[in-house]
Amino acid sequence: MTTPNNKTNHLKLLKQVLRPVLRGSIALIVLSLPFAANAQDRTLTLDEAIKLGLENSKTLKLSNSKVEQAISEYNQAKDEALPTGKVSYGYNHAEIPANRLALGESSFNLPNRADAYLGILTLNQTIFAGGKLKYARQSTDLLTQVARLDIENDKDQIVYDIISSYYNLYKVLQSKKVVTQNLTTVDGQIKQAQRFFEQGLVTKNDVLRFQLQRSNIEVNGVDLETNRRIINYNLNVLLGLPEGTQLNIDQITEADRQVAPLTAYLDTAMAVRPEFKQFALRSRVAETNIKSIKANELPTLGASVAGYYVDVNANPIPKSGNFITPLSAGLTLSWNFSSLWTNKNKVKEAQIQSQQVDINNSITTDRVKDEVNQSYQNYTQALEKIKLLQTAIDQAGENNKILESKYKSNIASATDRADAETLLYQAQINLELAKADAGLAYYTLQKSTGKINK
């Protein structure tokens, strides 16, 4: 017989046993909550994505800092033309053990020790140095403009990377929609096939055929989801968004774009691409460098003003009659004429560097032309592909309707029915991908001409 005390003890023991189990169950329930609850969904237009990317780009911030550095170097070059000044003040103490000086029949004694204070103030100004200071300012100014064009290059690349990721995410999301749509269609066909099987109209193999088709579609969906997560993460990094943000792409409506002749895109690239503007500036830098090196062969003229304070009194505080303050001013003309024969190889090196700029310009011109041509051909091909795939969808849709009707009438086999559905499914995916590829190809062509961010 169980007593009340025994019941109480049993309840306490049961609570002790169940308490960690309940805690573990609650923890599992909390951990199993969908992570999407903490994720932030955000739908972006392409313009919004580009704006976010430019605002949060670390690469662009680094490029801006390089421009600030170039401006600082330019200001330093201007400072070189300013006068230089120096001031000093010193104390000297001398002990003179042998202080008697005999000069023939006469002699005199020096003090045993002596103190002296010496102050010097000098101001120097270069009047003419062969134009080297002017060339230094010109060179750093041109390099500052080159650095600013680097920002344009970086912006173009950042915008293109964002557009590329945006379209890739759009392609994956559109493909996932097609997968979902086809899974719904196949599920209906599986139910219909199972009813036909129960009625003895089809075999079990026919049912399995549709189930296998569904499995293949599910595998494709898993691959697409993996790609979506990778692209979504990378795009979040590009845009400076929290890593857990789930991005949705606003519907892309590509307007009909007229394709100009290839020569028009080539001409635009030659006129707009920042690289060619940079080469023009670098060519001027090279010419300025040659002039600056040749300036070493010219004389230099400078002016200086100096003031001195000389006090031989032991007391550092100036006292009338115990110090002198000579002032001096002068001009100095100097010429290192050995540069007439030691400078020629430096000039030759600078001329070679100038030639290298022109050669690199020619190489870049060929590369850009190839890039524009390839982008142009890819874009025109993408537009043609869309037209062909639209026709293919119409054909696949008509074929699917016919076989669906034949299958319901028990004229066509389940295999034929599944193949027709697969063809339509594949055509739908291909069209969505082709549209996205055409949009991306258009922006690739714009980037190759230097107009993507203009």
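1. Buried here means under 20% relative accessible area, exposed means over 50%, and partly exposed lies in between, with a 1.4 Å probe and protein chains only. At 3% relative accessibility, Asn232 therefore counts as buried. Asn232 sits in helix H5; helices (H or I, at least four residues) and strands (E, at least two) are DSSP runs numbered from the N terminus. Leaving aside residues up to four places away in sequence, Asn232 touches Leu169, Thr245, Gln246 and Leu247, where contact means heavy atoms within 4.5 Å.

2. The model is predicted: local features need pLDDT of at least 70 and side-chain atom pairs count only at pLDDT 80 or more, while totals for chains, interfaces and linings use all residues. Residues are numbered from 1 along each chain as its sequence is written, and side-chain values use heavy atoms, with hydrogens and water left out.

3. The largest nonpolar core has 58 residues. Such a core is a set of buried Ala, Val, Leu, Ile, Met, Phe, Trp, Tyr and Cys residues joined through side-chain atoms within 4.5 Å. Leu44, Ile163, Tyr167 and Leu239 have the most contacts inside it. At least two residues each come from H2 (46–56), H3 (58–79), H4, H5 (204–239), strand S6 (246–249), H6 (262–272), H9 and H10 (414–449). H4 gives the most, with 20 residues. Another core, of seven residues, lies apart from this one and includes Leu389, Ile393, Leu424 and Leu431.

4. The axes of H2 and H4 come within 10 Å and cross at roughly 135 degrees. Axes are lines fitted to C-alpha atoms, for helices over the stretch in contact, and angles run from 0 to 180 degrees between N-to-C directions. H2 and H4 are therefore oblique to each other; angles under 35 degrees count as roughly parallel, over 145 as roughly antiparallel, 65 to 115 as roughly perpendicular and the rest as oblique. On the H2 side the contact includes Leu46 and Ile50, and on the H4 side Ile163 and Tyr167. Its residues divide into ten nonpolar, one polar and one charged.

5. H7 (residues 274–294) and H9 (residues 344–408) pack at about 175 degrees, with axes 8 Å apart, which makes H7 roughly antiparallel to H9. The contact residues divide into nine nonpolar, nine polar and six charged.

6. Asp141 belongs to H4 (residues 132–198) and, at 31% relative accessibility, counts as partly exposed. The C-alpha atoms of Asp141 and Ala70 are separated by 8.1 Å, with the two residues 71 apart along the chain.

Key:
Nonpolar A, V, L, I, M, F, W, Y, C, P; charged D, E, K, R; others polar.
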